[in-house]
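Here is a friendly walk through one protein model, from its charged pairs to its overall build. Please keep the sequence and the 3D view at hand as you read.

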Amino acid sequence: MYNNIRMNLIENLKWRYATKRFNPDRKVGADDLRYLKEAVNLSATSFGLQPYRVIVVSDPDVQEQLRAASYNQPQLTESSHVFVFCAMTDMPAAHIDTYVDRAAEVQQVPREQLNDFANYMKGSVAGRPEETIEPWNKRQAYIGLGTLLAAAAELKIDACPMEGFEVGEYDRILGLTDRGLTATVIAPVGYRSEEDATQHRAKVRMPLDVMFEEV
Ligand SMILES: Cc1cc2nc3c(=O)[nH]c(=O)nc-3n(C[C@H](O)[C@H](O)[C@H](O)COP(=O)(O)O)c2cc1C
C-alpha cells in the first residue's frame, strides 16, 4: 500500500515542521491513520512494557475543550486528529503479567519459561523509587512521539509536537486519572494551511560537529 513512498528519511524530516496552522478542511484518511498508529505501536519501550496509551481525538467538541486547555493554540481545533500520549502513573505487577502473558502467546513459549523474566522486571520496578516510575513511563511516550513525527513526515502528513497544555485539565476532559493515566505530550496531525508562515522559515539546527562528538 505504501510502496510508492520514497524512503528518504532525511528529506522527509527536512520537510516537516511544527505546524502552527492546519487546513481545517483536510482530514487524515483511515489508512494513513492506521499507519501512524502502527508506527507508534512499533516504537521501542523499556522492557517492551509500553507504559502509555494514545487517545486519538477527532470529536470537534472535545477538540474545542482541549484547545481551551492548551492556551487557545489553534492546532487543537484546526488539525484533523489530536494524538494525546498518556503515560501510566504507575507500573503495577498486573501490567507486567499481562505483557508476559502476551509475549508467551505471541512467541509461542510456555508461560513458565518467562517467569524469571517477569520476576526480573518486577524486581527492577520495585527497586526504583516510586516517584521515578511516572517519569520513566513518560520517557517511553516521548519515543512514540518521535516515531509519530517521522511516520507522519513519511506520509507528508503535518504534525505539531506540543507540551503547551494544562495537564490537569486534559486528565479531567479525557477521564484519565481514574484509569491511572496522565496526559504527557500531544501531537495534532493534519495538513498545513497555506497561510502558515512558519513553513517558510529555515530550520534552525546545530552543526553536526557541535551536536556530536566522536570518542
Ligand atoms: C516536547 C515538545 C513540546 C513542544 N511544545 C510546543 C507547543 O506547545 N506549541 C508549539 O507551537 N510548538 C511546540 N513544540 C514545537 C517546537 O517549538 C519545534 O519542534 C522546534 O521549534 C523545532 O522546530 P521544527 O519542529 O519546526 O523543526 C514543541 C516541541 C516539542 C518536541
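Asp97 counts as partly exposed, at 24% relative accessibility; buried means under 20% relative accessible area, exposed over 50%, and partly exposed in between (1.4 Å probe, protein chains only). Before going further, please note that this is a predicted model, in which local features need pLDDT of at least 70, side-chain atom pairs count only at pLDDT 80 or more, and totals for chains, interfaces and linings use all residues. Residues are numbered from 1 along each chain as its sequence is written, and side-chain values use heavy atoms, with hydrogens and water left out.

The side chain of Asp97 meets that of Lys122 in a salt bridge (2.8 Å, N to O). This pair links distant parts of the chain, with Asp97 in helix H5 and Lys122 in helix H6, 25 residues apart. Helices (H or I, at least four residues) and strands (E, at least two) are DSSP runs, numbered from the N terminus. A salt bridge here is a side-chain nitrogen of Lys or Arg within 4 Å of a carboxyl oxygen of Asp or Glu. By this rule the count comes to eight salt bridges.

Asp97 also forms a salt bridge with Arg111, where the closest N and O atoms are 3.1 Å apart. Here too the pair links distant parts of the chain: Arg111 sits in the loop between H5 and H6, Asp97 in helix H5, 14 residues apart. Asp97, Arg111 and Lys122 belong to a network of salt bridges that also takes in Asp101.

Another pair is found in helix H8, where Glu169 and Arg172 lie three residues apart, about one turn of the helix. Their side chains meet in a salt bridge (3.0 Å, N to O). Glu169 is partly exposed, with a relative accessible area of 30%, whereas Arg172 counts as exposed at 54%. In general, side chains of opposite charge can pair when their charged atoms come close.

| Salt bridge | N to O distance |
|---|---|
| Arg111 and Asp97 | 3.1 Å |
| Asp97 and Lys122 | 2.8 Å |
| Glu169 and Arg172 | 3.0 Å |

## Two helices

Which residues of helix H3 (residues 60-68) are buried? They are Val62, Gln63, Leu66 and Arg67. These residues lie on the same side of H3 because they cover an arc of only 145 degrees around the axis, the arc being that of the directions from the helix axis to the C-beta atoms. On the other side of H3, Asp61 and Ala68 are exposed. The cover over the buried residues of H3 includes strand S1 (52-57), helix H4 (75-78), strand S2 (81-88) and helix H8 (167-173).

Helix H7 (residues 133-154) has 22 residues, which at 1.5 Å a residue should span 32 Å; its end C-alpha atoms are 33 Å apart, which agrees. The expected span is 1.5 Å times one less than the number of residues. H7 is followed by Lys156, whose phi is positive, near 55 degrees.

## Positive phi in loops

Most residues other than glycine have a negative phi. Gln50, however, has a positive phi of about 45 degrees although it is not a glycine. Gln50 is placed in the loop between helix H2 (30-41) and S1, and is partly exposed at 30% relative accessibility. Gln108 has a positive phi as well, near 50 degrees. Gln108 lies in the loop between helix H5 (93-106) and helix H6 (115-126) and is exposed, at 72% relative accessibility.

## The chain as a whole

The protein chain has nine helices and four strands, which run α-α-β-α-α-β-α-α-α-β-α-β-α from the N terminus on. Its C-alpha trace spans about 60 × 45 × 40 Å along the principal axes. Of the 215 residues in the protein chain, 41% are buried. Among contacts (heavy atoms within 4.5 Å) between residues at least 6 apart in sequence, 80% join residues at least 24 apart.
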